[in-house]
Amino acid sequence: MLEPVPRIIADIGGTNARFALLSNGNIQDEILLQAADYSGFVIAVQDYLSKIGNPIIKEVAVAIATPIGDDKIKMTNHNWSFSIEQARQDLQLDRLIFRNDFSTLALSIPHLDRSVCHQVGGGERKDHSPIGVLGPGTGLGVSGLIYSDTKWHPVEGEGGHVSLSPVTKRECEILELCLQKDEHISAERLISGMGLQKIYQSLCRLEGQQEKYFSAEEISENGLNNIDKNCVETLEVFCGLLGTVAGNLALTLGAKGGIYIGGGIIPKLGGFFENSSFREQFENKGRFTDYLKKIPVFVIHSPHAALIGISQSFD
């Protein structure tokens with residue numbers, strides 16, 4: 001069924017806010033905004049509308065990086081906090097839908113072209129089997145997809161905040177240092193943009209070197225270009241930790257439909273990620289190593305995959 005008027009779809013993380021129009025099933029007028037430039041959600045939507053000529057909009061669907069419960073939205077890694085109903089009224093909408101960003105990313109997977117999903121190890125995915133989805137960016141998103149009654153259903157959860165389990169001596173040393181500052185180390189604490197910084201700073205201390213301040217982007221660039229050996233090791237540790245968490249997710253869901261990795265960090269690592277210890281630590285589960293060797297992992301190379309997912313929310 002064709003929409004009588006365009007709808008807004010959006011993907012809002014701790015750093016970026018991506019907006020687009022959905023018109024007759026087509027995604028258009030996509031604009032990437034910096035969330036920090038806006039004091040709140042409503043102002044960001046209004047600015048987006050002004051940039052595209054202020055079309056009449058009556059329905060909006062948003063993927064957002066936070067748990068979705070009642071009327072209150074309070075972002076985990078950003079300072080936006082607001083009422084959904086008040087935002088709907090302020091924007092004069094008939095309908096305003098919010099979904100967790102990684103549950104939304106999960107919904108996109110059945111609709112993604114295979115060309116944007118790069119496989120990293122494993123065998124063939126099994127049709128209609130559970131799928132795991134995760135990805136580090138500003139935080140660590142985790143979700144899944146279960147097929148039932150001829151439909152895919154996303155798994156709503158906050159798996160990025162499970163306790164992190166180190167499996168190598170180096171990881172144990174890093175975790176021990178981190179525990180001196182934080183009483184609980186979740187997976188997100190180290191497998192995210194801030195995690196890259198924490199790992200790097202820990203490695204400097206372990207090597208008896210003065211800690212330098214690098215942003216997550218600088219650590220990635222320095223590591224990929226072999227400029228700083230601690231940055232190189234940071235990326236290696238980062239990929240290995242992600243492998244452990246991804247393997248845990250695959251076992252928990254029985255994800256024979258594959259594990260899909262999104263977020264803003266891993267797709268940029270290219271061959272480094274593929275040649276890292278990710279796959280080794282993904283499969284390193286003792287008696288279930290052979291089970292995990294068969295499960296394929298895919299890196300999603302599509303910046304608007306979540307927009308494809310959230311567009312399904314109007315059905």
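Biologist: In this predicted model, which residues does Leu 134 touch, not counting residues up to four places away in sequence?

Modeller: Leu 134 touches Phe 102, Gly 141, Val 142, Leu 242, Val 245, Ala 246, Leu 249, Ile 259, Tyr 260, Ile 261 and Gly 262. Contact here means heavy atoms within 4.5 Å.

Biologist: What makes Leu 134 stand out in the largest nonpolar core?

Modeller: That core has 44 residues, and Leu 134 is among those that touch the most other members, along with Ile 191, Ile 259, Ile 261, Phe 273, Phe 278 and Phe 282. Helix α8 (residues 229-253) gives the most to this core, with eleven residues. Apart from this core lies another, of 29 residues, including Ile 12, Tyr 38, Tyr 48 and Leu 91.

Biologist: Happy to follow so far! Why is α4 called roughly perpendicular to α6?

Modeller: The axes of helix α4 (residues 169-178) and α6 cross at roughly 100° and come within 10 Å. Angles of 65 to 115 degrees count as roughly perpendicular, so α4 is roughly perpendicular to α6.

Biologist: Which residues make that contact?

Modeller: From α4 come Arg 170, Glu 173, Ile 174, Leu 177 and Cys 178, and from α6 come Ile 199, Ser 202, Leu 203, Arg 205 and Leu 206. They divide into six nonpolar, one polar and three charged. Arg and Glu count as charged, and the contact includes Arg 170, Glu 173 and Arg 205.

Biologist: And how do α6 and α7 pack?

Modeller: Helix α6 (residues 193-206) packs on helix α7 (residues 216-224) at an angle of about 65°, with axes 8 Å apart. The crossing is left-handed. Gly 193, Leu 196, Gln 197 and Tyr 200 of α6 meet Ala 216, Ile 219 and Ser 220 of α7.

Terms used: Residues numbered from 1 in each chain as written. Predicted model: local features only at pLDDT ≥ 70, side-chain atom pairs only at ≥ 80, totals over all residues. Heavy atoms only, no water. Axes fitted to C-alpha atoms, helices over the stretch in contact; angles between N-to-C directions. Helix = DSSP H or I, 4+ residues; strand = E, 2+ residues; numbered from the N terminus. Left-handed = near helix turned anticlockwise from the far one by under 90°. Core = buried A, V, L, I, M, F, W, Y, C linked by side-chain atoms within 4.5 Å. Buried < 20%, exposed > 50% of the residue type's maximum accessible area, 1.4 Å probe, protein only. Parallel < 35°, antiparallel > 145°, perpendicular 65-115°, else oblique.
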